[in-house]
Amino acid sequence: MSDIKYLPGKEPHPSEHRLIFKNIDREGWDTSIDTYIADGGYEQLKKAITMEPSAITNEVKASGLRGRGGAGFPTGVKWGFIPPNNTKPVYLICNADESEPGTFKDRYILHQDPHQLIEGMVISAFAVGAKVAFIYIREEFPEAALTIERAIEEARAKSLVGKDILGSGFDLEIWVHRGAAAYICGEETGLIESLEGKRPYPRIKPPYFPAALGLYMAPTIVNNVESLCHVKHIIEMGGAEYAKLGVERNTGTRILCVSGDVKNPGYYEVQVGKVTMGELLNDICGGPKDGRSFKAVIPGGSSSKILRCEEVFKIGKGEDAKDLAFWDIQMDFDTLAACGTMAGSGGVIVLDDSRKMSWVLNNINHFYAHESCGQCTPCREGNGWMKKISDRIVNGLAAPEDIQTLEDVAYQIDGKTICAFGEASSWPVEAIISKFRDELTAETSEDNQRLSKEQLQREAYLTK
Amino acid sequence: MSQDILENSVTSQPSSGDKNFKPFEASAEIEALADERIAHYPVSKLSAVLPLLHIVQHHFGFISKESITWVAEKLEIEKIKVLSVVTFYPAFRQSAPGKFHYRVCRTLSCAMAGSHELMDKICEITNIDRSKLSHHHPIVVSPCGNYSVEFAECLASCGSAPACLVNDDFHDNVGPEKAQALIDQYSV
Ligand SMILES: Cc1cc2nc3c(=O)[nH]c(=O)nc-3n(C[C@H](O)[C@H](O)[C@H](O)COP(=O)(O)O)c2cc1C
Ligand code: SF4
Ligand code: FES
């Protein structure tokens with residue numbers, strides 16, 4: 001890998017371990033199949049179709065790969081949920097909706113390395129027995145949709161997609177299906193409804209997994225773009241070898257997307273859990289902007305609970321219990337969960353001391369109020385209310401008891417809805433209130449008139 | 001009565017952007033594009049609703065009453081099924097945008113990098129009155145019909161914020177100071 005050169009200014013940080021992003025910003029790289037094949041591309045597909053499908057699933061299980069779309073569910077286990085006596089067609093869906101605020105990784109794979117995704121998908125489809133696969137791509141990626149369709153045609157011309165792939169007898173069609181700018185289409189059952197041509201109303205559970213009943217009421221595997229790319233590398237390395245990357249139960253590499261108030265925002269592919277929050281923010285991202293200090297971090301997309309930089313967390317139980325400072329948090333699924341938040345989609349949003357929490361909260365509330373699909377009353381109404389209350393706070397029109405009302409509304413959404421959007425929209429509110437209650441309360445007043453017109457004008461952009 | 005409601009919901013409002021687009025027509029080219037897409041979904045033609053609406057909007061700028069009827073007939077489904085999709089998904093518009101449609105990211109990382117100020121500057125330069133904006137009319141078109149604006153939600157480019165789409169072209173690192181350049185690039 002040492003002969004790989006990257007575009008000037010786009011070189012990976014020395015702490016990175018590039019597997020999935022090996023070809024991103026690579027010098028001399030383009031999206032053509034010839035470039036990909038000249039670099040060893042599609043060799044893993046050739047290997048995989050000589051294997052037993054169940055052996056591929058076993059390698060993925062052994063790898064410990066956990067989904068990179070948000071929930072961190074073990075991919076191999078999910079594949080195992082297809083009913084053994086199934087007689088219906090099986091579908092594979094690649095979730096390329098990438099719309100969790102703070103997340104920007106799938107975009108680069110889709111635009112710069114489409115064949116890696118296609119190779120990962122063909123291997124995965126072979127493993128789960130799917131003959132039809134869809135790539136559900138968000139509408140705001142028009143160029144990527146074209147790039148992927150071109151790449152599929154190139155692969156078809158070389159018998160890597162389509163009928164009788166490489167003479168193996170295995171058929172697979174891959175179709176690109178464009179969304180239409182609705183975040184809820186990222187939720188897997190909403191996505192399936194959308195693919196069926198309907199409003200993307202998430203389905204009532206059970207069934208808990210589309211692997212049992214999904215698209216057209218047939219077994220369906222939904223995986224994130226990045227997860228499907230990892231499958232290719234698992235075949236290349238072998239599950240056991242792959243599992244040596246990262247830490248126990250949190251294996252492999254993952255792409256952390258850092259945005260907001262750091263010197264060097266961007267995407268960094270690291271071994272899961274091998275980098276701490278401090279190393280990520282201070283070493284890899286170059287620390288805070290000049291004259292600023294870090295205040296808080298949203299670690300896994302806007303739905304994850306915010307962490308204050310001076311927090312110390314109680315980790316573990318009984319004998320193993322210990323204190324863990326914010327800076328020492330290992331960036332993996334289990335450690336972030338133990339800190340009361342989640343690794344989610346890998347979107348790390350950093351806030352420095354210039355940011356007002358009311359403003360951050362309000363921006364987030366507007367997102368969720370706009371994106372609720374409207375099926376469940378707590379989510380539809382609650383997100384509208386939370387937006388209105390936080391509008392009042394940033395406009396200086398809130399009374400102190402509004403903070404309590406806001407918190408009450410959040411807890412009446414959390415856990416009471418059809419899909420996880422309920423938690424996704426209420427967790428940020430719950431966490432920001434519990435961790436910044438004083439700051440928020442200081443922005444309220446008994447007469448509901450804290451800010452003058454001039455002050456409001458000044459604060460209009462909620463920036464410094 | 002219910003027929004009237006349906007009629008009213010599918011009828012497009014007049015827009016200064018109307019001059020940018022030819023009226024919907026199911027030409028042989030459009031039919032062929034649609035048939036190709038429909039073939040991707042042998043199990044259920046209904047699945048082709050979004051792809052067909054994308055074809056319509058790409059060629060005719062917005063989803064007109066006539067195009068809703070065409071999609072419904074093409075897929076052998078009720079018009080209301082097409083309309084329910086059009087009205088749910090923010091990407092579909094029922095009246096004409098400007099020749100250049102600006103979608104500026106509204107969400108957190110972009111907002112921190114000045115995307116709201118960028119939006120205000122774009123409106124200032126193009127004479128767009130954003131007070132006309134409402135939940136039901138998220139798009140505002142300039143009086144000349146050449147430009148229109150809309151806030152988008154996180155465009156998955158937060159690390160190079162602010163981000164913005166102009167028609168199908170993607171731009172990142174477009175701070176408010178780049179507003180003029182972003183307009184000049186698309187002058188009519
Ligand atoms: C509200 C909501 C939005 C979601 N958005 C996305 C998304 O944009 N991309 C994605 O891959 N997964 C998203 N997910 C997670 C998917 O439902 C699903 O778990 C995931 O695609 C499974 O793939 P994985 O196991 O490979 O992670 C979302 C979930 C929820 C509840
Ligand atoms: S929780 Fe919200 S987004 Fe999910 S189904 Fe209910 S209303 Fe829709
Ligand atoms: S917040 Fe604008 S691209 Fe993500």
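Analyst: What follows covers the salt bridges of this predicted model. Residues are numbered from 1 along each chain as its sequence is written, and chains are lettered from A in the order in which they are written. As the model is predicted, side-chain atom pairs count only at pLDDT 80 or more and local features need at least 70, while totals for chains use all residues; side-chain values use heavy atoms, without hydrogens and water.

A salt bridge is taken as a side-chain nitrogen of Lys or Arg within 4 Å of a carboxyl oxygen of Asp or Glu. Over all chains the count is 42. One of them pairs Glu119(A) with Lys232(A), at 3.7 Å from N to O. Glu119(A) lies in helix H6 (residues 114-128) and Lys232(A) in helix H9 (residues 225-237), so the pair ties together parts 113 residues apart in sequence; helices are DSSP runs of H or I, at least four residues, and strands are runs of E, at least two, numbered from the N terminus. Both Glu119(A) and Lys232(A) are buried (under 20% relative accessible area; exposed is over 50%, partly exposed in between, with a 1.4 Å probe and protein chains only).

Lys289(A) forms a salt bridge with Asp261(A), with 3.8 Å between the closest N and O atoms. Lys289(A) sits in the loop between helix H11 (277-284) and strand S9 (294-298), and Asp261(A) in the loop between strand S7 (253-260) and strand S8 (266-271), so this pair links parts 28 residues apart in sequence. Lys289(A) is partly exposed at 33%, whereas Asp261(A) is buried at 0%.
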